[in-house]
Amino acid sequence: MSNDRAALARYVVEHYAAGASLMRLAEDTGRSFGHVRRLLLDAGVTLRPRGGSRPRTT
């Protein structure tokens, strides 16, 4: 893994763990959604379910 890719992977892992969405990380880094997703998966991160948290309506 190149140094730049490793640094990018650390960035997305850290921010994803802090709650950033894949879409937000893709926008922030100028990379595609799929690229960010692949970096997270390659780093062994378990992805959150799609859709984020939504308020309950009961």
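This is a predicted model: local features need pLDDT of at least 70, side-chain atom pairs count only at pLDDT 80 or more; totals for chains, interfaces and linings use all residues.

Visitor: Noted. How many helices and strands are in the chain?

Guide: Three helices and zero strands. From the N terminus on, the order is α-α-α.

Visitor: What size of box do the C-alpha atoms fill?

Guide: Roughly 50 × 20 × 20 Å, taken along the principal axes.

Visitor: How much of the chain is buried?

Guide: The chain has 58 residues, and 24% of them count as buried.

Visitor: Which residues make up the largest nonpolar core?

Guide: There are 12 in all: Leu8, Ala9, Val12, Tyr16, Ala20, Leu22, Leu25, Ala26, Val36, Leu39, Leu40 and Val45. H1 gives the most, with four.

Visitor: Why might such residues sit together?

Guide: In soluble globular proteins, nonpolar side chains tend to be buried together.

Visitor: Let's take the helices, then. Which residues of H2 are buried?

Guide: Leu22, Leu25, Ala26 and Thr29 are buried in H2. They cover an arc of only 100° around the axis, which puts them on the same side of the helix.

Visitor: And what covers them?

Guide: The cover over the buried residues of H2 includes H1 and H3.

Visitor: What about H3? Which residues are buried there?

Guide: H3 spans residues 33-42, and Val36, Leu39 and Leu40 are buried in it. Viewed down the axis of H3, the buried residues fall within an arc of 95°, so they line one face of the helix. Helix H1 (3-17) and H2 are among the elements that cover them.

Visitor: Pick one of those. What does Leu39 touch?

Guide: Arg5, Leu8, Ala9 and Val12, not counting residues up to four places away in sequence.

Visitor: Back to Thr29. Where is it?

Guide: Thr29 is in helix H2, which covers residues 22-29.

Visitor: Why does Thr29 count as buried?

Guide: Its relative accessibility is 17%. The cut-off for buried is under 20%, so Thr29 qualifies.

Visitor: What does the side chain of Thr29 reach?

Guide: The backbone oxygen of Leu25, at 2.8 Å.

Visitor: And which residues is Thr29 in contact with, beyond its neighbours in sequence?

Guide: Leaving aside neighbours within four places, Thr29 is in contact with Leu8, Tyr11, Val12 and Val36.

Visitor: Leu8 keeps coming up. Is Leu8 buried or exposed?

Guide: Leu8 counts as buried, at 14% relative accessibility. Its place is in helix H1.

Visitor: What is Leu8 in contact with?

Guide: Thr29, Arg31, His35 and Leu39, with neighbours within four places in sequence left aside.

Visitor: How far apart are the C-alpha atoms of Leu8 and Val36?

Guide: They are separated by 9.0 Å. Along the chain, Leu8 and Val36 are 28 residues apart.

Visitor: So what share of the contacts joins residues at least 24 apart?

Guide: 48%, among contacts between residues at least 6 apart in sequence.

Visitor: You mentioned Arg31. Where is Arg31 found?

Guide: In the loop between H2 and H3. Arg31 is partly exposed, with a relative accessible area of 40%. Leaving aside neighbours within four places in sequence, Arg31 is in contact with Leu8, Ala26 and Val36.

Visitor: New topic: glycines. Which glycine comes just after H2?

Guide: Gly30, with a positive phi of about 75°. H3 is followed by Gly44, whose phi is also positive, near 85°.

Visitor: What about the rings? How many aromatic pairs are there?

Guide: The count comes to zero.

Visitor: What lies over the face of Tyr16?

Guide: Arg48 does, at 3.9 Å from the ring centre.

Visitor: Last one. Is Glu14 buried or exposed?

Guide: Glu14 counts as exposed, at 54% relative accessibility. It has its place in helix H1.

Visitor: And how far is the C-alpha atom of Glu14 from that of Arg50?

Guide: The two C-alpha atoms are separated by 19 Å. Glu14 and Arg50 are 36 residues apart along the chain.

Conventions:
Residues are numbered from 1 along each chain as its sequence is written. Side-chain values use heavy atoms; hydrogens and water are left out. Helices (H or I, at least four residues) and strands (E, at least two) are DSSP runs, numbered from the N terminus. Buried means under 20% relative accessible area, exposed over 50%, partly exposed in between (1.4 Å probe, protein chains only). A polar contact is a pair of N or O atoms within 3.5 Å; within protein, one must be able to donate a hydrogen and the other to accept it, and residues adjacent in sequence count only if both atoms are side-chain atoms. Contact means heavy atoms within 4.5 Å. The arc is that of the directions from the helix axis to the C-beta atoms. Rings of Phe, Tyr and Trp (its six-membered ring) pair if their centres lie within 6.5 Å; planes under 30 degrees apart count as stacked, over 60 as edge-to-face and the rest as tilted. A charge sits over a ring if NZ of Lys or CZ of Arg is within 6 Å of the ring centre and within 35 degrees of the ring normal. A nonpolar core is a set of buried Ala, Val, Leu, Ile, Met, Phe, Trp, Tyr and Cys residues joined through side-chain atoms within 4.5 Å.
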